[in-house]
Amino acid sequence: MLLETTYRNKKNKALINNLVGKPFSILNAIKLKGIGSKRMIIEDVSPNLKGIINSISDVNYGSIELRPNGILIAINKGLQNFTWVIPYYQFYLYNTNGISIHAQGKFVHFRNNRTHQENTSFFKKMVRLKVEYDQRFPHVDSI
């Protein structure tokens with residue numbers, strides 16, 4: 001689910017909390033050693049996400065936030081902010097010359113550069129949380 005989150009909206013906040021859970025508490029965020037990635041360069045997106053990235057030759061940035069039942073991918077387009085909400089049961093991660101996140105018939109591919117290297121521990125943590133989620137709530141794909 002893709003939401004326009006430039007301005008705070010109670011409906012969007014409630015929708016995000018219902019899909020992927022409330023944000024981790026400060027204590028849990030410290031235990032996890034952080035719940036947000038560093039800003040990464042978006043190399044490519046699926047055709048149905050082309051409308052939310054800069055169409056001119058600007059660099060597009062995105063970041064990832066962990067939630068108890070999924071992730072949030074924040075994408076900036078000029079002065080607008082968009083958030084892609086992905087529950088863990090729809091989330092797939094591919095490590096191909098960078099990181100590619102697939103869900104809901106869409107994908108975002110992050111460039112393999114210095115910030116990608118700095119986020120390797122974050123990606124490991126994200127995969128670990130997805131595996132823990134799949135063990136707690138097995139679904140058709142994981143059986």
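Colleague: Phenylalanine 122 and phenylalanine 123: buried or exposed?
Modeller: Start with the term: buried is under 20% relative accessible area, exposed over 50%, partly exposed in between (1.4 Å probe, protein chains only). Phenylalanine 122 is buried. Phenylalanine 123 is buried too. This is a predicted model, where local features need pLDDT of at least 70 and side-chain atom pairs count only at pLDDT 80 or more, while totals for chains, interfaces and linings use all residues. Residues are numbered from 1 along each chain as its sequence is written, and side-chain values use heavy atoms, leaving out hydrogens and water.

Colleague: How do I read a nonpolar core, and which residues touch the most other members of the largest one?
Modeller: Nonpolar side chains tend to be buried together in soluble globular proteins. A core here joins buried Ala, Val, Leu, Ile, Met, Phe, Trp, Tyr and Cys residues through side-chain atoms within 4.5 Å. The largest has 30 residues, and Ile64, Leu66, Ile71, Ile73 and Ile101 touch the most other members. Elements that each supply at least two of its residues include β3 (60–67), β4 (70–77) and α4 (120–136); helices (H or I, at least four residues) and strands (E, at least two) are DSSP runs numbered from the N terminus. Helix α4 gives the most, with five residues. Apart from this core lies another, of five residues, among them Leu3, Ile16, Val20 and Leu72.

Colleague: Where does isoleucine 64 lie, for a closer look?
Modeller: In strand β3. Isoleucine 64 counts as buried because its relative accessibility is 2%. Contact means heavy atoms within 4.5 Å. Leaving out residues up to four places away in sequence, isoleucine 64 touches, among others, Met40, Ile101, Phe122 and Phe123. Methionine 40 is 24 residues away in sequence and 9.0 Å away in space, C-alpha to C-alpha.

Colleague: How many aromatic pairs are there?
Modeller: Rings of Phe, Tyr and Trp (its six-membered ring) pair if their centres lie within 6.5 Å; planes under 30 degrees apart are stacked, over 60 edge-to-face, the rest tilted. The count is four. Tyrosine 88 and tyrosine 133 have ring centres 5.6 Å apart and planes at 50°, so that pair is tilted. It links distant parts of the chain, 45 residues apart: tyrosine 88 in the loop between β5 and β6 (92–94), tyrosine 133 in helix α4. Tyrosine 88 and tyrosine 133 are both buried. Phenylalanine 122 and phenylalanine 123 have centres 6.1 Å apart and planes at 65°, so they are edge-to-face.

Colleague: Which ring lies under the charged end of arginine 39?
Modeller: A charge sits over a ring if NZ of Lys or CZ of Arg is within 6 Å of the ring centre and within 35 degrees of the ring normal. For arginine 39 the ring is that of tyrosine 61, 3.7 Å from its centre. Lysine 130 sits over tyrosine 92, with its charged end 5.7 Å from the ring centre.
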